[in-house]
Amino acid sequence: MRKIRLTAFVSLDGVMQAPGGPDEDRDGGFEHGGWTFHHWDEPMGAFMDRTFDTPFELLLGRHTYDIFAAHWPRVPDTDPIAKSFNAVTKHVATHRPDSLGWRNSRALMPEPVAALRELKAGTGPDLLVQGSTVLLQALLAGDLLDEISLLTFPLVLGKGKRLFGDGAMPGAFRLRHSQVSTTGVLMATYERAGEIVAGSFALDEDG
């Protein structure tokens, strides 16, 4: 069985919209695009490199796909991430399969979640989610994520598209790795760990 792994940049208040640039995603009047730029350092680069160390295929929502397809084909293959992204299979949640022009792109048809369950049950490399806030909500609601790597930035954005919506399926995760960058970015990887186990701090009525 294949794993679905998420890597996401988030603010302290859980916003993940437009981390890479001012015009990346202005939906809802978002004005803080590019909020990760001045925090980037060598430890963050090493953390991201480890994300791509093992074989993977990309899993993308349509908006993120369009951003990536406009950028990565223009980056020389001397950049290791560009080389990987341009070569690997891209699975895309879209209603416009005929417009997927980036090499090795495949539409998740006819229904993305059902198509992903079938992919997940098969053999092949892990499926790596990048960005894709709309698709991500469906993955969380369907309890399809096996691993979450979060880079949490020391800032509050106030509004914007958030990582977790109200439809996320409750579940427990186990911390596998964590570190802090020189700019205060908390980098942590969590793996799925079954159901939530509840307890109580309430005092015994007889005590």
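These legends describe close-up views of a predicted model.

**View 1. Asp143 and its partners.**
Asp143 sits in the loop that runs between α5 (133-141) and β6 (147-153). Its relative accessible area is 33%, so Asp143 is partly exposed. Beyond residues up to four places away in sequence, Asp143 touches Met169 and Arg192. The side chains of Asp143 and Arg192 are joined by a polar contact of 3.1 Å. Met169 is 26 residues from Asp143 along the chain, yet their C-alpha atoms are separated by 5.7 Å.

**View 2. His91 in strand β3.**
Strand β3 covers residues 90-93 and includes His91. With a relative accessible area of 4%, His91 falls under the 20% limit and is therefore buried. Neighbours within four places in sequence are left aside in the contacts that follow. His91 is in contact with Arg2, Glu57, Leu58, Leu59, Leu60, Arg106, Leu108, Leu119 and Leu127. Glu57 also forms a polar contact with His91, side chain to side chain, at 2.6 Å.

**View 3. The largest pocket.**
The volume of the largest pocket is about 1200 Å³. Its lining draws two or more residues from each of β1 (4-11), α1 (42-51), α2 (62-71), α3 (80-87), α4 (112-121) and α5. Helix α2 gives the largest share, 6 residues. In total, 41 residues line the largest pocket. Pro19, Gly20, Glu24, Thr64 and Phe68 lie nearest the centre of this pocket. By class, the lining of the largest pocket holds 20 nonpolar, 14 polar and 7 charged residues.

**View 4. The second largest pocket.**
This pocket has a volume of about 230 Å³. Its lining consists of Arg5, Thr7, Phe47, Arg50, Thr51, Thr54, Asp126, Glu147, Ser149, Arg176, His177 and Thr189. At least two lining residues come from each of β1, α1, β6 and β7 (173-180). The largest share, 3 residues, belongs to α1. The lining of the second largest pocket divides into 1 nonpolar, 6 polar and 5 charged residues.

**View 5. The cis peptide bond at Pro110.**
Between Met109 and Pro110 the peptide bond is cis. Omega for this bond is near -5°. Pro110 belongs to the loop between β4 (105-107) and α4.

**View 6. Positive phi at Asn104.**
Asn104 is not a glycine, but its phi is positive, at about 65°. The residue lies in the loop linking β3 and β4. Asn104 has a relative accessible area of 39% and is partly exposed, because this value lies between the limits of 20% and 50%.

**View 7. Positive phi at Ser132.**
Ser132 is a residue other than glycine with a positive phi, near 60°. Ser132 is found in the loop between β5 (126-130) and α5. Its relative accessibility is 5%, so Ser132 counts as buried.

Terms used:
Residues are numbered from 1 along each chain as its sequence is written. This is a predicted model: local features need pLDDT of at least 70, side-chain atom pairs count only at pLDDT 80 or more; totals for chains, interfaces and linings use all residues. Side-chain values use heavy atoms; hydrogens and water are left out. Helices (H or I, at least four residues) and strands (E, at least two) are DSSP runs, numbered from the N terminus. Buried means under 20% relative accessible area, exposed over 50%, partly exposed in between (1.4 Å probe, protein chains only). Contact means heavy atoms within 4.5 Å. A polar contact is a pair of N or O atoms within 3.5 Å; within protein, one must be able to donate a hydrogen and the other to accept it, and residues adjacent in sequence count only if both atoms are side-chain atoms. On a 1 Å grid over the protein atoms alone, a cavity is a set of points where a 1.4 Å probe fits but cannot get out, and a pocket is an open set with protein on both sides within 12 Å along at least five of seven lines; lining residues have an atom within 4 Å of a point. Grid points are joined across faces, edges and corners, and a volume is the space filled by probe spheres set on the points. Ala, Val, Leu, Ile, Met, Phe, Trp, Tyr, Cys and Pro count as nonpolar, Asp, Glu, Lys and Arg as charged, and the others, Gly among them, as polar.
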